[in-house]
Amino acid sequence: MRRPKRAWLTAEQFNAWMDLYDYADIEPADFDPNGQEWDECISSDLPRAAATAGGIFSGTVRYTDKLREIKFAAVNLPGVRLHYNLWLLLGRLAWYFGHRSQPEGRQATEHRAREVADLLQTEYSAANVLTVTHGAFMQVLVKELRTRGYKGSRILHPRNGKLYLFQFEGD
């Protein structure tokens, strides 16, 4: 995630920075397809993911808001300036615990991840699918895929433009 111009922000400044980030240009990254070829591609409809998907996949990309990044917002602390990393931490904690300050709570995010996993298993069960999403949501989606029998590498800190492979090894 690109840093804001100033490190110490009010809640309003933090929220404005988060909104700008959702629509920021992508940072070029060396992408290694690791010899993979995909039958289908589904992608977040946010510009960063859409640009990535279009640059990697040569066919028609299916865009969906289900793969969007988790939206974090500052908790309501009027007039207080905090380092943006602290705002991010507070936002993630508030998201995790379902605090009303967050546009989407953890349960709603987990529901979206289940919907994406359902889509992968019903409409794309026989396909090799490139799925383009964002870091925080990717971690929730991976957790859901693992509960369904998918295997793949651990993702502690998702990297921009890095390929993470998962394969269904369930029943």
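Residues are numbered from 1 along each chain as its sequence is written, and side-chain values use heavy atoms, with hydrogens and water left out. In this predicted model, local features need pLDDT of at least 70 and side-chain atom pairs count only at pLDDT 80 or more, while totals for chains, interfaces and linings use all residues.

Q: In what order do the three strands form the open sheet?
A: Helices (H or I, at least four residues) and strands (E, at least two) are DSSP runs, numbered from the N terminus. Two strands pair if DSSP finds at least two bridges between them. The pairing in this sheet is parallel, and the order is E3-E2-E5.

Q: Which strands stand at the edges of the sheet?
A: An edge strand here has a single partner strand, so one side of it is left without a neighbour in the sheet. The two strands in that position are E3 (61-64) and E5 (129-132).

Q: What does the twist average from one strand to the next?
A: Axes are lines fitted to C-alpha atoms, for helices over the stretch in contact, and angles run from 0 to 180 degrees between N-to-C directions. From one strand to the next, the twist averages 20 degrees.

Q: Which residue of E5 stands opposite Ile42?
A: Strand E2 (residues 40-44) is joined to E5 by four bridges, and the two run parallel. Glu40 stands opposite Val129 in E5. For Ile42, the residue opposite in E5 is Thr131.

Q: In E3, which residue is the bridge partner of Ile42?
A: E2 pairs with E3 as well, in the parallel sense and over four bridges. On that side, the partner of Ile42 is Arg62.

Q: How many of the five residues of E2 are buried?
A: Buried means under 20% relative accessible area, exposed over 50%, and partly exposed in between (1.4 Å probe, protein chains only). E2 is mostly covered, and its buried residues number four.

Q: What angle does the direction of helix H2 make with that of E2?
A: Helix H2 (residues 47-56) packs on the sheet and touches E2, E3 and E5. Contact means heavy atoms within 4.5 Å. The direction of H2 and that of E2 make about 160 degrees.

Q: Against which elements do the buried residues of H2 pack?
A: In H2, the buried residues include Arg48, Ala49, Ala50 and Ala53. The buried residues of this helix pack against helix H1 (11-22), E2, E3 and E5.

Q: Where is Phe97, a member of the nonpolar surface patch?
A: The patch covers about 510 Å² and is made by Leu86, Leu89, Leu93, Tyr96 and Phe97. Patches are made of residues with over 30% relative accessible area and no salt bridge; like charges are joined within 9 Å, and nonpolar side chains (Val, Leu, Ile, Met, Phe, Trp, Tyr) within 5 Å. Phe97 has 64% relative accessibility, so this residue counts as exposed. Its place is in the loop between helix H3 (84-96) and helix H4 (106-122).

Q: How many residues apart in sequence are the parts that Asp45 and Arg68 tie together?
A: A salt bridge is a side-chain nitrogen of Lys or Arg within 4 Å of a carboxyl oxygen of Asp or Glu, and the side chains of Asp45 and Arg68 meet in one (2.6 Å, N to O). Asp45 lies in the loop between E2 and H2, and Arg68 in the loop between E3 and strand E4 (82-83), so the pair ties together parts that are 23 residues apart.

Q: With which residue does Glu115 form a salt bridge?
A: Glu115 lies in helix H4, and its partner is in the loop between E3 and E4, 49 residues apart. Glu115 is partly exposed, with a relative accessible area of 28%. The closest N and O atoms are 3.1 Å apart, and the partner is Lys66.

Q: Is Leu46 buried or exposed?
A: Leu46 is found in the loop between E2 and H2. Leaving aside neighbours within four places in sequence, Leu46 is in contact with Asp22, Tyr23, Arg68, Glu69 and His134. With a relative accessible area of 3%, Leu46 is buried.

Notes
Accessible areas come from the Shrake-Rupley method with a 1.4 Å probe; for residues, only the protein chains shown count as cover.
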